[in-house]
Amino acid sequence: MIVTGSRITYSPKVFIPLTQRCRDACGYCTFAQPPARLAQPYLTADEVVKIARQGATAGCHEALFTLGERPEARYPDARAWLALHGYDSTVDYLVAMCRLVIAETGLLPHANAGALSEDELAALRPVTASQGMMIETLRADLRCHRGAPDKTPARRLATLDAAGRLAIPFTTGILVGIGEDRQDRIAALEAIARSHEGHGHVQEVIVQNFVPKPGTAMQDWPPCPADVLVETIALARSILPAAVHVQAPPNLSDDVVPLLEAGIDDFGGISPVTIDHVNPERAWPAAERLRAICEKHGTTLVPRLTVYPEFALDPTRWLDEAMRFPVLDRSDAEGLARDDPGVMLPQRTADVGQPLDGAEVSVIGRRSTVWCSGGSYDPPRLLPGSPRMGGRVGEILQGVEAGQEPGVEELTALFSARGPDVAAIARFADALRFEAVGDVVTFVKNRNINYTNICTFRCRFCGFAKGPLSLNLRGKPYLLDMDVIAERAREAWELGATEVCLQGGIHPQFDGEYYLAVCRAVKAAVPDIHVHAFTALEVTEGARRLGEPLESYLRRLKDAGLRSLPGTAAEILDDPVRRILCPDKVTTDEWLECHRAAHRVGLASNVTMMFGAVEQPVSWARHLVRTRDLQKETGGFTEFVGLPFVHMASPIYLTRQARRGPTFREVVLVHAVARIAYRGLIDNVQASWVKIGLRGAEQLLEGGANDLGGTLMNENISRAAGAEHGQCMDEESFRRLVSGLGRPLEQRTTLYGRAAALV
Ligand code: SF4
């Protein structure tokens, strides 16, 4: 399935010409250079790293290694250089340089090393996210290939099929205008289609127009006519299976709009730092110019990784184990490239023992500057942006405006929005926010009390829990005494808090009586404080360990002083994802049943959603629809709280099995789409400043959110996952933030009454 739709992708890349020596002599090529023109046959490792670093600093995701074919077979100095540096072959050296680039920069190598044997392709698979080789043409008698033993159709097709057998996401393509005719082009495209049908591995086909270059044997040939290029793109689109993307290089045509109209959905690699070494006379257009052209054309330019999403999202089939995390680390929820600006480098960590705090992992070395939830960098400014009302997103928003309820398919489409569609969704959500609650921004004065970090569960995202079964065994376990809990509640009340939020690990010695005792202790110390406590897991476990029906247990908790349940432990209410994130925790149905029972006995609760670890947007959509259905039944949810996954010290990230949390675009969309999905059912959407930071929260308030959550005098859970934002916020900081938006700030109660009415 092609995921792009109205999207046009490109790969932000840095071009690394590892060697410009080549044993072939193609009539159109200026890339290959003889010893007389290039003293050194290969880039050194230092030069490779230097170029890759420039690319990483400029925000690239791909390191495109382009090289001549097997230079050691022709040039003695290439053989000598490889031997001197301890390499058996060019491919051997390429493998080492790909590995070095991944380690130093995290950029994903794409190897373009020509016609290779199956063994050579296999050697590159553990150090590349994708590989490529142009078929060029299947005509064996072209003059331009007379001095090119690697350009025989048999060698090219053998390489293409070998890549398929090895399950390598592969880029290939044809050259148009080098002496072949229309039938030849059709034959080449049909051969590529056959190879893809056999293995499913061709991710894209480049349709590249011949452009004559001075100093080459073909310098006087006419360039490929624009109409022939356009016709060939249309042929490619109709001959190739729908799953194969079609690309044309944007720097080889003066006008890219006809290419878009002919059916391309990709512009290939575009480098902000290096020239196109294969076509050095043709500068790459700036991504911003292409973006503007696409938007005028009604499409959206989107960065991708060198490996396309269909392959990135099926890593066990398509990626060597060693490449799965490097790809995941640069992916967004759709398997496309993370699109927050900044430098992205591999995260390095060290232990720093901070007992009782949970934050035992510290990020060290050169740090990424790209935004991430819980990090210290401000997010990019996405809102208010320049909205566009059109396409699928426009249709869905118009439907909602007319009173239709968006289902899973529509919500997933909204979550996939990019560019001006994001601004359109946020503006629409902002209008719904005004319709539901007006301009007031609310917050609650509260204190978090995490009474124990000892837990028998094995949630793989959780850096907070300590215990024999926990995945993160570092740091000291603790269990607060009942009188410490009561004292903290008393302190909170004296400082003006109206709520205590109590959550913790599932201690092996707890039974349901513990939670009852906590409620009684808090209420005895501060009778009027609102007890907002216990996740669906804690309540379900409490009842189970007592052998008591859930509803009866919830009634007793209410009698003991409990007033509402936090929605945490929901994570993502989609069981396949829960099996990865928290395999032994309550299931989706159990979470929903717990909240259903709580609502039945008169306890309110909220919906939370932790997003950005391993799941895709369809799971967010299911989460919203399932909780919306329950809200229709009970009306017991007061708010939606989006909780972006904080990756830094999370076990699932440290064991290289999760993304770096959501991108900021995804954060904006989750809050805006939640506002749209819950229209008329849940009026409040909260921005979690602990994870997003105040600058991020400010933008969410422009895109559907109306609440800033709690002042949180202690918040250990996000910090245990590595969040760097503080442990508390004061009213003045909230006020400054909100006044910048021209909106009033009001203190609320937990259940969204005004605080003055309560105190
Ligand atoms: S998320 Fe909660 S249940 Fe899961 S391991 Fe952490 S403390 Fe335990």
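## A buried tryptophan to start with

Trp-318 is buried, with a relative accessible area of 5%. Here, buried means under 20% relative accessible area, exposed means over 50%, and partly exposed is in between, using a 1.4 Å probe and protein chains only. Phe-311 counts as buried too, at 5% relative accessibility.

Before going further, a word on what you are looking at: this is a predicted model, where local features need pLDDT of at least 70 and side-chain atom pairs count only at pLDDT 80 or more, while totals for chains, interfaces and linings use all residues. Residues are numbered from 1 along each chain as its sequence is written, and side-chain values use heavy atoms, with hydrogens and water left out.

## Rings that pair up

The structure holds 21 aromatic pairs. One of them joins Phe-311 and Trp-318: the ring centres are 4.8 Å apart and the planes stand at 70 degrees, so this pair is edge-to-face. As for the cut-offs, rings of Phe, Tyr and Trp (its six-membered ring) pair if their centres lie within 6.5 Å; planes under 30 degrees apart count as stacked, over 60 as edge-to-face and the rest as tilted.

Now take Trp-591 and Phe-637, with centres 6.1 Å apart and planes at 15 degrees, so this pair is stacked. Trp-591 belongs to helix H21 (residues 588-600) and Phe-637 to strand E18 (residues 637-644), so the pair ties together parts that are 46 residues apart in sequence. Those helix and strand names come from DSSP runs, numbered from the N terminus: helices are H or I with at least four residues, strands are E with at least two. Both Trp-591 and Phe-637 are buried. Elsewhere, ring pairs link Tyr-451, Phe-510, Tyr-514, Tyr-515 and Phe-534 into a cluster.

## Charges over rings

Arg-748 has its charged end over the ring of Tyr-752, 4.0 Å from the centre. Likewise, Arg-21 lies over the face of Tyr-75, at 5.3 Å from the ring centre. The rule is that NZ of Lys or CZ of Arg must be within 6 Å of the ring centre and within 35 degrees of the ring normal.

## Around the ligand

Which residues are around the ligand? They are Cys-455, Phe-457, Cys-459, Phe-461, Cys-462, Ala-465, Gly-505, Leu-537 and Lys-585, each with a heavy atom within 4 Å of the molecule. This shell divides into 7 nonpolar, 1 polar and 1 charged. In that count, Ala, Val, Leu, Ile, Met, Phe, Trp, Tyr, Cys and Pro are nonpolar, Asp, Glu, Lys and Arg are charged, and the others, Gly among them, are polar.

## Strand E12 and its partners

Strand E12 (residues 441-444) is covered on both faces: Val-441 and Phe-443 on one side, Thr-442 and Val-444 on the other, all buried. E12 pairs in the parallel sense with strand E21 (residues 745-747) over 3 bridges, and Phe-443 has Gln-747 as its bridge partner there. Two strands pair if DSSP finds at least two bridges between them.

E12 also pairs with strand E20 (residues 707-710), in the parallel sense over 2 bridges; Val-444 stands opposite Gly-710 in E20. In the loop between helix H15 (420-437) and E12 you will find Gly-438, which counts as buried at 17% relative accessibility.

In strand E6 (residues 202-209), 8 of the 8 residues are buried, so E6 is largely enclosed by the rest of the structure. Strand E5 (residues 170-176) pairs with E6 in the parallel sense over 7 bridges, and Thr-172 stands opposite Val-205 in E6. Gln-208 is part of E6 and counts as buried at 15% relative accessibility. Leaving out residues up to four places away in sequence, Gln-208 touches Met-134, Ile-174, Leu-175, Val-176, Pro-249, Leu-252 and Asn-279, where contact means heavy atoms within 4.5 Å.

From strand E9 (residues 300-303), Thr-300 and Val-302 point one way and Leu-301 and Pro-303 the other, and all are buried. Strand E1 (residues 7-19) pairs with E9 in the parallel sense over 4 bridges, with Ile-8 opposite Leu-301.

A cis peptide bond, with omega about 5 degrees, joins Leu-383 and Pro-384. Pro-384 is in the loop between strand E11 (361-364) and helix H13 (391-401).

Ala-569 is not a glycine, yet has a positive phi of about 80 degrees. Ala-569 lies in the loop between strand E16 (562-565) and helix H20 (575-581) and is buried, with a relative accessible area of 4%.
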